[in-house]
Amino acid sequence: MFGPHISTDRAAILDEVVKAYGAGIMSLETGVRMLMDAGYPVEDAAEEIDRIQSRAFAAAGLLADVTGDNAAVREYLGLPEVTP
């Protein structure tokens with residue numbers, strides 16, 4: 001009997017994460033966790049996700065287009081609230 005398929009090659013895991021996340025069938029959280037398990041130097045998954053999202057300007061633009069909520073976009077990018 002064979003166990004579940006688990007890639008042990010870091011490059012293969014990276015490729016799986018990139019493809020699955022890019023196809024929208026894996027969350028960023030799961031992808032970062034897989035990379036951590038594979039030995040990538042990520043110390044804190046939540047902090048890494050915050051850093052990724054703070055640079056995800058295309059995704060932030062899509063969020064703005066879909067919601068029209070600039071506060072949500074600023075929160076997504078980790079920017080402070082705008083004070084009038």
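Residues are numbered from 1 along each chain as its sequence is written, and side-chain values use heavy atoms, with hydrogens and water left out. Because the model is predicted, local features need pLDDT of at least 70 and side-chain atom pairs count only at pLDDT 80 or more, while totals for chains, interfaces and linings use all residues.

The chain has 5 helices and 0 strands, where helices (H or I, at least four residues) and strands (E, at least two) are DSSP runs numbered from the N terminus. The pattern along the sequence is α-α-α-α-α. The radius of gyration, taken over C-alpha atoms, is 16 Å, well over the 12 Å that the globule rule gives for 84 residues, so the chain is more spread out than a compact globule. That rule is 2.2 Å times the number of residues to the power 0.38. Along its principal axes the C-alpha trace spans about 65 × 25 × 20 Å.

Confidence is given as pLDDT, the predictor's confidence in each residue, from 0 to 100. The chain average is 90, and 90% of the residues score at least 70. Confidence is lowest in helix 5 (residues 70-76), with a mean of 93, and highest in helix 2, at 96.

Helix 1 (residues 10-22) packs against helix 2 (residues 28-37) at an angle of about 180°, their axes 10 Å apart. That makes the two helices roughly antiparallel, a label for angles over 145 degrees. Axes are lines fitted to C-alpha atoms, for helices over the stretch in contact, and angles run from 0 to 180 degrees between N-to-C directions. With contact meaning heavy atoms within 4.5 Å, Ile 13, Leu 14, Glu 16, Val 17 and Tyr 21 of helix 1 meet Leu 28, Gly 31, Met 34 and Leu 35 of helix 2. By class, this contact has 7 nonpolar, 1 polar and 1 charged residues. Ala, Val, Leu, Ile, Met, Phe, Trp, Tyr, Cys and Pro count as nonpolar, Asp, Glu, Lys and Arg as charged, and the others, Gly among them, as polar.

Helix 2 also packs against helix 3 (residues 45-53), at about 125° and with axes 10 Å apart. That makes helix 2 oblique to helix 3, the class left once angles under 35, over 145 and from 65 to 115 degrees are assigned. Leu 28, Glu 29, Val 32 and Met 36 in helix 2 meet Ala 45, Glu 48, Ile 49, Ile 52 and Gln 53 in helix 3. This contact has 6 nonpolar, 1 polar and 2 charged residues.
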